[in-house]
Protein chains: 2
Amino acid sequence: MDISISPRSKAVQNRLTSPVKIVREGFPEIILDTRALADVECITTGIYSPLKGFLGKADYTRVIEEMRLQNGTVWPIPVTLPVSQEVADSIKDDVLLVQDDEVIGIMHVTEKYSPDKEKECANVYGTTDPAHPGVKAVMENGEVYLGGKIELFSEIKHDDFQKYRLTPAQTRTYFKEKGWKTVVAFQTRNPLHRAHEYLQKVALEMTDGLLISPLVGATKADDVPADVRIHTYEVIMDKYYPKERVLLGVFPAAMRYAGPREAIMHALARKNYGVTHFIVGRDHAGVGDYYGTYDAQKIFNQFTAEEIGITPLCFEHAFYCKACGHMGSDKTCPHGKEDRVHLSGTKVRAMLSNGEMPPGEFTRPEVAKVLIEAYQK
Amino acid sequence: MDISISPRSKAVQNRLTSPVKIVREGFPEIILDTRALADVECITTGIYSPLKGFLGKADYTRVIEEMRLQNGTVWPIPVTLPVSQEVADSIKDDVLLVQDDEVIGIMHVTEKYSPDKEKECANVYGTTDPAHPGVKAVMENGEVYLGGKIELFSEIKHDDFQKYRLTPAQTRTYFKEKGWKTVVAFQTRNPLHRAHEYLQKVALEMTDGLLISPLVGATKADDVPADVRIHTYEVIMDKYYPKERVLLGVFPAAMRYAGPREAIMHALARKNYGVTHFIVGRDHAGVGDYYGTYDAQKIFNQFTAEEIGITPLCFEHAFYCKACGHMGSDKTCPHGKEDRVHLSGTKVRAMLSNGEMPPGEFTRPEVAKVLIEAYQK
């Protein structure tokens, strides 16, 4: 049985927690929600290479159990297309993929299978706690996963950050033109404070170029919105970064908050952009207290350098130390807490909300101004 | 014909520009000069592994032509024992090795050959200019090179830096005990200014430990003496470096000023100490204008990562930038000369000689005080 939803307005799409199938002029269609659109974009532009579509059951099972595709390639998180049982029952083979009201591609559905969501969550997120945003998404999604290759007829549309939307083909060309043999990528879903700038510059001292690669897909409601973040990157890059060594290119994926496994995924994705080094800080892609502070660094030791194919640069918590007179970490600064400029996330948000500037050793004033404006709206 | 020199006082040894052979109680002996002693120490402690002795002709030739030993192993600079024709003629096979007045080992001489000094200098130093200190040493040395394995009966004696004289076996044990899986080494023949501290700390942010590895063998007369340098390292480490992450261990080799080739040699030697990463700055092991600023970094591209076996970390010129508010380089700072704290070597030496403190952003005051005292003596 095919189900039909009409009108397919943006409002409708945004309500969906997982793609649903509809029928237009006799062809079965699936309207992609924000998360599915992000996955389709990552698959079809090569960000998630070697994936060619949504995972079938054999890949799904080995990924959640061993962080590998069926053929042995390292892949840490299943990229799946969940639908309801009803929708699944109604699909035979090909199905059109729809963004808003426009057909953008086709999926050759070769498998429909029931996931083991408990096992998926326990293995991928290290928890089955429904308060975890990644677990919550899995649990709320449809009970059947569709597997099969996808092809796009037209690009996925975006109404923001156009100049920073670069595909892996485009970044690779850019790096080649610039003559950058080594490029370090910095994944972020936060504004850049001095600590982040320090890590980026430390890495850039040893590489030819820096790709600031902010995730702009779906994030938690309490993360700083992408447009505000992009603005902070612009003001800081304008004043404190050498233009000929730094590229800003957004990462269209949605956050999964899968901590260690997502660190591997973020690294593999950046390798596909042509990047050679990847910064992994404290609690990368973490949320709450679900992961150990350095678990996302340690997980890289489970694979050979060749299997990962991009060099992780693992950093500790950074801060400005007044006694050193420079930024550092526990690894490079011998002094105590009393000399270090540290503010908790809660404290910084409170200051910015009140229109107070954090110390310049913690946040560049240009960045603080953007954040204060945003917080006060 | 054996020649005999008596008495073999320290004064005599210091006069020698190359080892000479003598006879004691019927056994042929060679008194090692400072440079030969340094080579013997590096060979017998494994610093120059895989070398087991002074190079024979086949190794010598391939090293100067291709930077490889006869068996293909990368080795950039010939480690040779030059003697006069007269001494060479008098040697048959085994010869005792003497430090000052004490027999410390034996060399099984298997080859006596005439070097091609012009070619050696042109290839190893990139010049045959006798004003180059490396070329000068080669040209002044004896006209016959002895090749063969060496064995020591007792350690080479030193009257300075005892606590910092660590063999590769000792540093490897230390790194293991500390649990350092990655260790970066910094070779230096100079006092540590803020720029050097910055490079070391940048590297340490991405590694588990730092080996400050100052060369204490023979240097040019106008380099800062080793005892003064060691004192500057002590005062700066005491106040600005985390003790549990940093080890000071001297490197007993003599400087050759062979620039790019010596950078490879310095890296291979540090690999033997158990080090995984090696800092290569501007004009590493350079002198005058004989080498391009970054030649000592580029040369690593001539070999595979496996052949070198230690990761070079290549840095540009570093400085404090007032507009950035931190240390950086052209790669990380977008500002101009007017914002950067830079002093020429000549200027710094002039200030220190006059008892003036350089800016704190250039030299830590604790280091400056040690240097001022030394310059004013």
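In the predicted model described here, B:His284 is in contact with B:Gln187, B:Gly259, B:Pro260, B:Ala263, B:His266, B:Phe278, B:Ile279 and B:Ala296, leaving aside its neighbours within four places in sequence. Contact means heavy atoms within 4.5 Å. The residue B:His284 lies in the loop between β11 (277-280) and α11 (295-298) of chain B. Helices (H or I, at least four residues) and strands (E, at least two) are DSSP runs, numbered from the N terminus. With a relative accessible area of 7%, B:His284 is buried. Buried means under 20% relative accessible area, exposed over 50%, and partly exposed in between (1.4 Å probe, protein chains only).

Residues are numbered from 1 along each chain as its sequence is written, and chains are lettered from A and ligands numbered from 1 in the order in which they are written. As this is a predicted model, local features need pLDDT of at least 70, side-chain atom pairs count only at pLDDT 80 or more, and totals for chains, interfaces and linings use all residues; side-chain values use heavy atoms, with hydrogens and water left out.

The arrangement of the two chains was examined next. Two copies of a chain are related by a rotation about an axis and a shift along it. Here, chain A is superposed on chain B by a rotation of 180 degrees with 0.1 Å of shift along its axis, and the RMSD is 0.0 Å. The two copies are therefore related as by a two-fold rotation axis. The same surface serves both copies, as 100% of the contact residues of chain A recur in chain B. Superposition is by least squares on the C-alpha atoms of residues with pLDDT of at least 70 in both copies. Among the residues of chain A, A:Val202 comes closest to the rotation axis, with its C-alpha at 2.7 Å.

The largest nonpolar core has 88 residues, and A:Tyr241 and B:Tyr241 have the most contacts inside it. A nonpolar core is a set of buried Ala, Val, Leu, Ile, Met, Phe, Trp, Tyr and Cys residues joined through side-chain atoms within 4.5 Å. Not counting residues up to four places away in sequence, B:Tyr241 touches A:Pro334 of the other chain, and in chain B it touches B:Leu192, B:Glu197, B:Gln200, B:Lys201, B:Leu210, B:Ile212, B:Ile236 and B:Val246. Another core, of 74 residues, lies apart from the largest one; B:Leu51, B:Ile91, B:Met255 and B:Ala263 are among its members.

Backbone geometry was also considered. Most residues other than glycine have a negative phi, and most peptide bonds are trans. A cis peptide bond joins A:Ser49 and A:Pro50, with omega about 15 degrees, and A:Pro50 is in the loop between α2 (34-44) and β3 (53-54) of chain A. In chain B, the bond from B:Ser49 to B:Pro50 is cis, with omega near 15 degrees. Although not a glycine, A:Ala285 has a positive phi of about 55 degrees; A:Ala285 is buried, at 6% relative accessibility. A positive phi of about 60 degrees is found at B:Met67, which is not a glycine either. The loop between α3 (57-66) and β4 (81-83) of chain B holds B:Met67, and B:Met67 is buried at a relative accessible area of 8%.

Finally, B:Asn190 is placed in the loop between β8 (183-188) and α8 (194-204) of chain B. The relative accessible area of B:Asn190 is 31%, so it is partly exposed. Its contacts, leaving aside neighbours within four places in sequence, are B:Arg229 and B:Tyr233.
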